[in-house]
Amino acid sequence: MTKLTEPAPRSHDKYERLIAVTHDIRAIPCAVAHPCDETSLRGAVEAAGDEIIIPILVGPQHKIRSVAQQFGLDITPFEIVDVPHSHAAAAKAVELVRAGRAELLMKGSLHTDELMGEVVARETGLRTARRISHVFIMDVPSYPEPLFITDAAINIFPDLETKADICRNAIDLHLGLGLGTPRVAILSAVETVNPKIPSTIEAAALCKMAERGQIEGGLLDGPLALDNAISPEAARIKGIEGEVAGRAQILVVPDLEAGNMLAKNLSFLAGADAAGIVLGARVPIILTSRADNVRTRMASCAVAALYAHHLVEKQPVTA
């Protein structure tokens, strides 16, 4: 009897390639909101050491210096903007972006809601015409290329128009990172349109929007179940043809719950790393977790820096 052997796991080389590309661009000024614990401060310092970002540390100066001293982090090269507490740090970091002093925003040791509340503030925030959304850039050892999952952190139950912007944001990121035209799978529980499952109807509508030019830059297909979105064999067995089935690069989930569980399943059961970035604001926002390792934090910074550089290059030249 033939013994079945599992394929050798892939190394986490996708992040290394992204980080390596940043060596060809300038370091990007980044406002770091309330870096008052080891994880957030170390992430900023190490990304600066690799010349990915130039941190502007925004928070209570005594706390930042105390953390740096406690954990042996050299912050002498960096500007510190002294504010009294985390809420003020979020507001000031956003203000630095609006003033053009920073081209990136990074979450430190404060709640995501606290930072994002300042980002979406109508008069003083960083809103654009796009809905804001989150993308996980997953480095899955068993998958041949980076896998984007969106939205698993910002929009809880997005409607059709929000999902359209979620698609647009993720497509623009994929293109901006130089990864080519993305194959976008709109996920549901099944691969057929079922009126009793609203996400299948929205998936079909999104694909039709792409056909009509309302969503540009990517190849969309859906509804697709997860298996036939990422497994060529599953797609073949189900008789699903096309450029996306079995080879998806972006997975658009029905809602935040589904996306969050999918990303965490990949992280904790498949050994994946999950870099995170928020899109749709004036600048990319680096949204890290306390559970992130150093490689993931560096990758989040690298993705944001590369995309910020891309956005600057896209701006029209004025006389």
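Author: First, a working definition: a residue counts as lining a pocket if it has an atom within 4 Å of one of the pocket's grid points. Keep in mind too that this is a predicted model.

On to the largest pocket. Its volume comes to about 930 Å³, and 37 residues line it. Nearest the centre you'll find Phe136, Thr288, Ser289, Arg290 and Asp292. Sorted by class, the lining holds 14 nonpolar, 15 polar and eight charged residues.

Where do those residues come from? Helices α2 (38–49), α5 (112–119), α10 (256–269) and α11, along with strands β5 (133–139) and β10 (273–279), each put in at least two. The top contributor is α10, which gives five residues.

Two of those names, β10 and α11, turn up again at the second largest pocket, where each supplies at least two lining residues, as do α4 (86–98) and α6 (160–176). Here α11 gives the most, again with a count of five. This second pocket has a volume of about 500 Å³ and a lining of 23 residues, with Ala281, Arg282, Val283, Pro284 and Leu311 nearest its centre. By class, that lining splits into 12 nonpolar, five polar and six charged.

Helix α1 (residues 13–21) lies against α11 (residues 294–314) with the axes 9 Å apart and an angle of about 45°, so the two helices are oblique to each other. The crossing is left-handed. On the α1 side, the contact uses Tyr15, Glu16, Leu18, Ile19 and Val21; α11 answers with Arg295, Thr296, Met298, Ala299, Ala302, Val303 and Leu306. That contact is made up of nine nonpolar residues, one polar and two charged.

There's another helix pair worth a look: α4, from the lining of the second largest pocket, and α5, from the lining of the largest. Their axes come within 9 Å and cross at roughly 40°, this time in a right-handed crossing. From α4, the residues involved are Ser86, His87, Ala90, Ala91 and Val94, and they meet Glu114, Leu115, Glu118 and Val119 of α5. Five of the contact residues are nonpolar, two polar and two charged.

Notes
Residues numbered from 1 in each chain as written. Predicted model: local features only at pLDDT ≥ 70, side-chain atom pairs only at ≥ 80, totals over all residues. Heavy atoms only, no water. Axes fitted to C-alpha atoms, helices over the stretch in contact; angles between N-to-C directions. Helix = DSSP H or I, 4+ residues; strand = E, 2+ residues; numbered from the N terminus. Parallel < 35°, antiparallel > 145°, perpendicular 65-115°, else oblique. Left-handed = near helix turned anticlockwise from the far one by under 90°. Contact = heavy atoms within 4.5 Å. Nonpolar A, V, L, I, M, F, W, Y, C, P; charged D, E, K, R; others polar. 1 Å grid on protein atoms, 1.4 Å probe; cavity = no way out; pocket = protein on both sides within 12 Å on 5 of 7 lines; lining within 4 Å. Points joined across faces, edges and corners; volume = space filled by probe spheres on them.
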